[in-house]
Amino acid sequence: MSPAAVIVLAAGEGTRMKSRTSKVLHEIGGRSMLGHVLAASQTLLPERLVVVVGHRRDQVIAHLAEVAPDAVPVVQETQGGTGHAVRVALADSGPLEGTVVVTNGDHPLITGETLQGLIAAHERDGNAVTVMTTEVPDPTGYGRVLRGLDGAVTGIVEHKDATEGQRAIAEINVGMYAFDGALLDGALKRLTTDNAGGEEYLTDVLGILRGDGHRVGASVVADWIETQGVNDRVQLAAARRQLNDRVLERLMREGVTVVDPQTAWVDVQVQVEADATLLPNVQLHGGTVVRAGAQVGPDTTLTDTVVGEDARVFRTVAEGAEIGPEASVGPYTYLRPGTRLGRKAKAGTYVEIKNSEVGEGSKVPHLTYVGDATIGTGSNIGAGSVFVNYDGVAKHRTVVGDHVRVGSDNMLVAPVTIGDGSYTAAGSVIIKDVPPGAMAVARGQQRNVEGWVERRRAGTPAAEAAKRARENNTQEGDK
């Protein structure tokens with residue numbers, strides 16, 4: 001049932017989007033609208049995948065090279081209607097034998113299963129053309145499907161060309177078709193612009209083929225929401241919500257707990273395993289993977305991040321990170337690309353980690369920046385510490401061994417190695433390697449200047465407090 005070709009129409013200007021970006025490139029659920037249509041089309045395994053481009057063509061062609069390099073872009077220099085667009089596509093590829101499917105690049109909710117159903121109905125009934133239809137609550141603006149007394153499709157009339165009686169019809173043309181490729185090319189050449197829009201309507205092909213004695217059928221989609229196109233930002237938001245609901249329903253039926261589906265947003269390519277839990281205000285983007293038993297959220301955004309089994313990640317932003325099994329991350333943690341946390345590792349409050357490995361059971365509990373570093377197993381990084389990785393020209397790496405205790409308020413100036421089992425004193429600036437098992441102390445000797453506050457800050461609350469304390473100490477001493 002693989003079609004000879006799928007033709008995706010993506011040349012329209014999309015003026016109602018009011019955007020510098022091509023309409024079909026607006027994103028929902030981790031893909032462009034066009035990307036969703038291409039993904040559905042590719043499930044059909046077509047011999048050719050053709051995308052008709054026009055407005056902002058450079059953007060669309062560049063996007064195709066990234067997401068569907070096998071797709072062939074064909075330029076429609078002037079937008080002369082849907083029939084003209086398909087004629088341009090066939091002029092590039094030549095007549096096609098077999099089934100030719102035509103879809104639209106601004107229908108991101110369409111599924112591969114529905115397109116497969118269109119082809120199945122087309123080939124089962126031996127149709128010359130099969131139109132995808134559905135019934136919508138408000139058909140205003142859509143082409144209406146006309147049927148004969150026997151229920152066969154006799155034609156499609158555009159809303160602006162329809163009579164009042166025809167506008168009362170609820171069944172609409174979705175704008176997707178399956179054609180007999182051998183008949184399509186000849187019918188396209190007979191299209192005219194004799195209509196209210198002055199364009200070549202692809203829908204007129206149905207009347208031409210029916211007039212030639214060929215069979216015209218319909219494939220009715222039960223869920224009209226899946227067939228919705230997007231023409232403005234309001235419809236884009238509605239489609240985004242509907243797609244997200246679809247993703248979350250699938251995850252929940254697969255065994256994932258989603259505590260608040262209204263505030264959880266999950267891209268279509270994200271993987272979440274059974275028994276994972278998503279708490280409120282979670283956003284999972286790109287190629288993120290959440291393993292079984294992990295708990296993510298609340299208030300967490302993960303992009304291209306792997307969360308290991310039974311890990312806990314909350315109030316965290318992470319991108320391109322790997323969080324090991326049973327690790328703990330958050331709150332208010334930022335994991336940047338290249339971060340890898342081992343099993344039972346911890347990245348705690350107000351911690352930022354970048355391009356670094358934190359070994360099994362090691363902890364970076366709070367108020368710390370770790371950049372370009374390797375931390376071994378069982379080590380602890382004291383509060384307020386900074387891995388000083390940048391000298392103004394180049395980045396350098398810090399190595400912290402196993403079972404190391406880095407004191408609070410330390411500066412580890414890379415490149416530097418802290419040996420296994422060593423300690424560093426609080427407040428130290430470490431600029432030299434520390435041997436295994438050593439205690440590194442790198443801070444100035446403390447000096448107390450007695451009476452300085454009373455002399456130099458006389459009359460202040462601090463001076464008065466110091467005076468009282470001194471007098472009290474003197475009285476205690478006299479006793």
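These legends describe close-up views of a predicted model.

Residues are numbered from 1 along each chain as its sequence is written. In this predicted model local features need pLDDT of at least 70, side-chain atom pairs count only at pLDDT 80 or more, and totals for chains, interfaces and linings use all residues, while side-chain values use heavy atoms, with hydrogens and water left out.

**View 1**
Helix α8 spans residues 233-253. Helices (H or I, at least four residues) and strands (E, at least two) are DSSP runs, numbered from the N terminus. Helix α8 has 21 residues and reaches 30 Å from its first C-alpha to its last, close to the 30 Å expected at 1.5 Å a residue. That expected span is 1.5 Å times one less than the number of residues. The buried residues of α8 are L236, A239, L243, N244, V247, L248 and L251. They cover an arc of only 165 degrees around the axis, which puts them on the same side of α8. The arc is that of the directions from the helix axis to the C-beta atoms. An α-helix has 3.6 residues a turn, so residues three or four places apart point the same way. Buried means under 20% relative accessible area, exposed over 50%, and partly exposed in between (1.4 Å probe, protein chains only). The face turned away from the buried side of α8 carries the exposed residues V234 and R253.

**View 1**
The buried residues of α8 pack against β2 (27-28), α1 (33-42), β12 (257-258), β13 (265-266) and β14 (271-272). Contact means heavy atoms within 4.5 Å. Just after α8, G255 takes a positive phi of about 105 degrees.

**View 2. The salt bridge between D106 and K23.**
The structure holds 20 salt bridges. Each is a side-chain nitrogen of Lys or Arg within 4 Å of a carboxyl oxygen of Asp or Glu. D106 and K23 form one, at 2.7 Å from N to O. D106 lies in the loop between β6 (99-104) and α4 (112-125) and K23 in the loop between β1 (5-10) and β2, so the pair ties together parts that are 83 residues apart in sequence. Both D106 and K23 are buried.

**View 3. The salt bridge between D185 and K189.**
The closest N and O atoms of D185 and K189 are 3.3 Å apart. D185 counts as buried, at 18% relative accessibility. K189 counts as exposed, at 62%.

**View 4. A salt-bridge network around R340.**
E357 and R340 form a salt bridge, with their closest N and O atoms 3.0 Å apart. E357 lies in strand β28 (residues 357-358) and R340 in strand β26 (residues 340-341), so the pair ties together parts that are 17 residues apart in sequence. Salt bridges that share partners join R340, E357 and R397 into one network. R340 is partly exposed, with a relative accessible area of 39%.

**View 5. T103 in strand β6.**
T103 sits in strand β6. T103 is buried, at 1% relative accessible area. Leaving out residues up to four places away in sequence, T103 touches V6, I7, V8, L9, V37, S41, L115 and M176.

**View 6. The annotated residue H366.**
An unreviewed UniProt entry carries the annotation "active site" at H366. UniProt positions are given in the numbering used here, feature names are shortened, and annotations may be inferred rather than shown by experiment. H366 is found in strand β29 (residues 363-371). H366 counts as partly exposed, at 36% relative accessibility. Neighbours within four places in sequence aside, H366 is in contact with T349, Y350, V351, G382, A383 and G384.
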